[in-house]
Amino acid sequence: MVDADDNTYAVIPASLDVVPVAIGHIALPVPYLPASATFKHEASKRLARNKLSKHTTDVASPGAIKDADDVPALARKGLRRIDKLDLEIGELRRAIQSDVDSLARQFERVIQILEERGHLVGWELTPSGDRVARLYHESDLYIVEAMQAGLLDDLPPAELAAVVSTFVYETRGRDDGATPWFPNGNVRQRFGALLELHHQLAKAERALLIPETRQPDAGFIGIVHGWASGHDLTDLTNEREITPGDFVRTVKLLVDLLRQIGTLAPNRATARAARQAADLVFRDLVAVTTDFEGLNDTDAPELPEHVEALDGDS
């Protein structure tokens, strides 16, 4: 129940001495949400404006609601707190349902793009769809489509490492907007083809309101090609704003992706080249820092001199 003073009560039959009698009517707020504190407050205001209380002595005894006036102030405060919590619970439930509905719509859109691009037929994965499911990378669909299109085929290991680096590297800091360096025309052409494939995929994603796959970044191509070809890190980073720590982190991501491609590539020669590329870039500073992972200070081996001379971020 709600009264004209904005107080609410829980009433059961045992609370009443006599059968309640209707003494008038008011229009209730719309929408009808009796559990809402806002709804109850508005109902109380309407009740007060109608001044129905002056008729009560003509119809029913003042004690029609047993002990209603005896509810302690602290209890009334507690009841109002319960009402507020009920309102918050209702809002949370609506928010959760909205999120569930949003996830369901997102899932349907992902299913649709997989079907449209040939990775799913009904509820069955195609061979390329199986590769998407097994590839662990934020750009999994894009990378699988690049493999399917042959954009990673017929490349020597060092060039393949350079091309694949575009999936893992993100330009930042002073290198923003810098002109990328390509070791040869073949790598430049492959990167151009990757950009075109990305344009097609992003267009399909936008049409379905799916978050767009990140665009490939050529900022690491020249560095990793030189590293895979055996050059020293200091020679490669002199003209680029990249620390040894950033270099190591990026190469580790590259090694992981190359090894996955070495397992999943539909072209056997490409798979073999990817494994070879991973071995070429996993050397010296990268290999040493990987050995340190999981070791404490007393376990760690002594650094070689050429590693000690590098930035401490490594």
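Predicted model: local features only at pLDDT ≥ 70, side-chain atom pairs only at ≥ 80, totals over all residues.

Reader: OK. How many helices and strands does the protein have?

Author: The secondary structure comes to 13 helices and two strands.

Reader: And what share of the residues count as buried?

Author: Of the 314 residues, 38% count as buried.

Reader: Let's look at H5. How many of its residues are buried?

Author: Seven of the nine, so H5 is largely enclosed by the rest of the structure. The buried ones are Leu141, Tyr142, Ile143, Val144, Glu145, Ala146 and Met147.

Reader: What covers them?

Author: The cover includes helix H3 (73–116), helix H4 (127–134), H7 and helix H10 (244–264).

Reader: Take H7 from that list. At what angle do H5 and H7 pack?

Author: About 130 degrees, and their axes are 11 Å apart. The crossing of H5 past H7 is right-handed.

Reader: Which residues meet there?

Author: From H5 you have Leu141, Tyr142, Glu145 and Ala146, and they meet Leu194, Leu195, Leu197, His198 and Leu201 of H7. By type, the residues of this contact divide into seven nonpolar, one polar and one charged.

Reader: What happens with the backbone just after H5?

Author: Glycine 150 sits there, and its phi is positive, about 80 degrees.

Reader: Is aspartate 154 buried or exposed?

Author: Exposed, because its relative accessibility is 69% and the cut-off for exposed is over 50%. Leucine 209 is another case, with a positive phi near 60 degrees. Leucine 209 is in the loop between helix H7 (185–207) and helix H8 (221–228), and with a relative accessible area of 58% it is exposed too.

Reader: On to H6, then. How many of its residues are buried?

Author: Eight of the eight, so H6 is largely enclosed by the rest of the structure. They are Pro157, Ala158, Glu159, Leu160, Ala161, Ala162, Val163 and Val164.

Reader: And what do the buried residues of H6 pack against?

Author: H7, H8, H10 and helix H11 (268–281).

Reader: Switching to aromatics. How many aromatic pairs does the count come to?

Author: Six. In one of them, the rings of tyrosine 142 and phenylalanine 167 have their centres 5.4 Å apart and their planes at 90 degrees, so that pair is edge-to-face.

Reader: Where do those two sit in the chain?

Author: Tyrosine 142 is in helix H5 and phenylalanine 167 is in the loop between H6 and H7, so the pair links distant parts of the chain, 25 residues apart. Tyrosine 142 and phenylalanine 167 are both buried.

Author: There's also tryptophan 227 with phenylalanine 247, an edge-to-face pair at 5.0 Å centre to centre and 80 degrees between the planes.

Reader: Which parts does that pair tie together?

Author: Tryptophan 227 lies in helix H8 and phenylalanine 247 in helix H10, so the pair ties parts that are 20 residues apart in sequence. Tryptophan 227 is buried, at 2% relative accessible area, and phenylalanine 247 is buried at 0%.

Reader: Which residues form the aromatic cluster?

Author: Tyr169, Phe220, Trp227 and Phe247 form one cluster.

Reader: Last topic: serine 44. Where does it lie?

Author: Serine 44 is in helix H1 (residues 37–50). Serine 44 is buried, with a relative accessible area of 2%.

Reader: What does serine 44 touch?

Author: Leaving out residues up to four places away in sequence, serine 44 touches Val2, Asp3, Ala4, Asp5 and Asp6.

Conventions:
Residues numbered from 1 in each chain as written. Heavy atoms only, no water. Buried < 20%, exposed > 50% of the residue type's maximum accessible area, 1.4 Å probe, protein only. Helix = DSSP H or I, 4+ residues; strand = E, 2+ residues; numbered from the N terminus. Contact = heavy atoms within 4.5 Å. Axes fitted to C-alpha atoms, helices over the stretch in contact; angles between N-to-C directions. Left-handed = near helix turned anticlockwise from the far one by under 90°. Nonpolar A, V, L, I, M, F, W, Y, C, P; charged D, E, K, R; others polar. Phe/Tyr/Trp six-rings, centres within 6.5 Å; stacked < 30°, edge-to-face > 60°.
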